[in-house]
There are 2 protein chains.
Amino acid sequence: MDKGQIAARRPQRKGGLGGPEGTPNSKSERGIDSRVSDNDQKSRHRAILETAARVICEKGYEGASIQDIAEACALTKAGLYHHIRSKEHLLLEIMNYGMDVFEEQVMNQVLPIPDPLERLKVCMEKNILLVTHGWSKEVTIILHEHATLTGEARAQIDARKKRYVRFLENSFAEAVRDGQIRPVNPTVAAFAFLGMVLWIYKWFRPDGKIDAPTLVREMQDILFGSLPPPPAARKPARPAGKRRRG
Amino acid sequence: MDKGQIAARRPQRKGGLGGPEGTPNSKSERGIDSRVSDNDQKSRHRAILETAARVICEKGYEGASIQDIAEACALTKAGLYHHIRSKEHLLLEIMNYGMDVFEEQVMNQVLPIPDPLERLKVCMEKNILLVTHGWSKEVTIILHEHATLTGEARAQIDARKKRYVRFLENSFAEAVRDGQIRPVNPTVAAFAFLGMVLWIYKWFRPDGKIDAPTLVREMQDILFGSLPPPPAARKPARPAGKRRRG
């Protein structure tokens, strides 16, 4: 999926960025110029989400008013409401945006890798690169720190996060079954992976002593350096056709 | 340090819990009864901090009023101000309380362990037990999620956290120098440790499938199972007298 299409996957206000509510514009009817304009609008929408995330992190969700967010976006309040439904829906949109980018750049990239250990290693690499470079740090903070969402909106985000946990658990379990790694509790291994990777936004500085590729290499080495069984216990690699997926 | 003394280490309001501002009460002058009463007051103060932490997590720092916190503590607003200075100072107190308990139950317990690898393993155990049992989850959230503190108060908490990071880095570096573990970047290893341990509050459920002792064993195994060098590369253990400390 093209990164520019992310914002368009969610329902938008009538008269807003995406045409009639819930109905994607038909690009083929409107030609190249509208496509460029669509991409511009989607970039604009992402920029609004990232700016709103910064304001919410700075002032807290309760402390940040729609007026504050509008000002930071260089919009009037009415202008901002052209792009968003409500403050709570904006928060949900920021979280869904974070999950969209994550799924597109991390999970969907590694799902097709047949070897579970290789899948986990590449997954760690891609997730670290996303946390260190992929979007504003504030989107990560909103996605992973104490949730202000309630009810159905919260359940929706929780379900998306749970899908990643299950994917990691299943990959670890598969690697154990195949004798690629020594026996570990797949749930603990999944959350050890997640903790190592997601804690990074709290301490990593792009201009610091450790660059992102070094971080990837060291983290992979710390987690997966531990897990291979002694050489004698290793089973031969499966043929590529015999894939199981978590 | 006795756990009951934690709250008394910080300056308190005149006429509040701890006698004249900044001056600890002299127990020897007042005998057993005042000691019991001191402990009661300190427990009461801790209970206020944990209750306030819950309200702040529920409503957000901006959204939680002093009135809300007072009500949750079954106090009048004036009654609450007898125990606290201001909302921002209350937040600082919650964080200092979290750091006090952490230092007392984790860092100070393991500092005297001469063997760096053993020190790190016991440290992981004690930190996991603290995160899973030691206090209300909300204290951990306030301590580690997006900080609302500013200026000097923030610098104070950051310095206390940094001390722990340095301790872990130095212990990993020492274990590498001694040939106990294979070469790792001590900073990455320290934050891998921290991420694994501190992410636990986000997913661990006391009534879940994984109990705390299992979690400790599995996490130690995942992190430290990786790090020993091949047996041939190991250096003999140092005599206990030759301690270096990070």
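Buried area is the accessible area, taken with a 1.4 Å probe, that two parts lose on being put together, summed over both. In this predicted model, domain 1 and domain 2 of chain A bury about 1,400 Å² between them, and 74% of that area lies on carbon and sulfur atoms. Between chain A and chain B, the buried area is about 3,000 Å², of which carbon and sulfur atoms give 70%.

**The two domains of chain A**

- Chain A is divided into domain 1, which covers residues 24-84, and domain 2, which covers residues 87-246.
- Three residues, A:Leu49, A:Glu50 and A:Tyr61, supply 41% of the area that domain 1 of chain A buries against domain 2 of chain A, which is more than any other three residues supply.
- Between domain 1 and domain 2 of chain A the count of salt bridges is 0, whereas the count of residue pairs in polar contact, with both residues at pLDDT 80 or more, is 5.
- On the side of domain 1 of chain A that touches domain 2 of chain A, H1 and helix H2 (66-72) of chain A each supply at least two residues, and the largest share, 9 residues, comes from H1(A).
- Sorted by class, that side of domain 1 of chain A has 10 nonpolar, 2 polar and 4 charged residues.

**How the two chains are related**

- A rotation of 180° with 0.0 Å of shift along its axis superposes chain A on chain B, with an RMSD of 0.0 Å, and the two copies are thus related as by a two-fold rotation axis.
- Of the interface residues of chain A, 100% are also interface residues in chain B, so the copies meet through the same surface.

**The contact between chain A and chain B**

- In this contact, 33 residues of chain A meet 33 residues of chain B.
- The rule finds 2 salt bridges across the interface of chain A and chain B, and in a salt bridge between the two chains the side chains of B:Arg182 and A:Asp221 meet at 2.9 Å, N to O.
- Across the interface of chain A and chain B there are also 6 residue pairs in polar contact, with both residues at pLDDT 80 or more.
- Helix H1 (27-59), helix H6 (137-144), helix H8 (186-198), helix H9 (200-203) and helix H10 (212-224) of chain A each supply at least two residues of the side of chain A that touches chain B, and the largest share of that side, 9 residues, comes from H8(A).
- By class, the side of chain A that touches chain B has 17 nonpolar, 8 polar and 8 charged residues.

Methods. Residues numbered from 1 in each chain as written. Chains lettered and ligands numbered in written order. Heavy atoms only, no water. Least-squares fit on C-alpha atoms with pLDDT ≥ 70 in both. Contact = heavy atoms within 4.5 Å. Salt bridge = Lys/Arg side-chain N within 4 Å of Asp/Glu carboxyl O. Polar contact = N/O pair within 3.5 Å; in protein donor to acceptor, adjacent residues only side chain to side chain. Helix = DSSP H or I, 4+ residues; strand = E, 2+ residues; numbered from the N terminus. Nonpolar A, V, L, I, M, F, W, Y, C, P; charged D, E, K, R; others polar. Domains from an automatic or database assignment.
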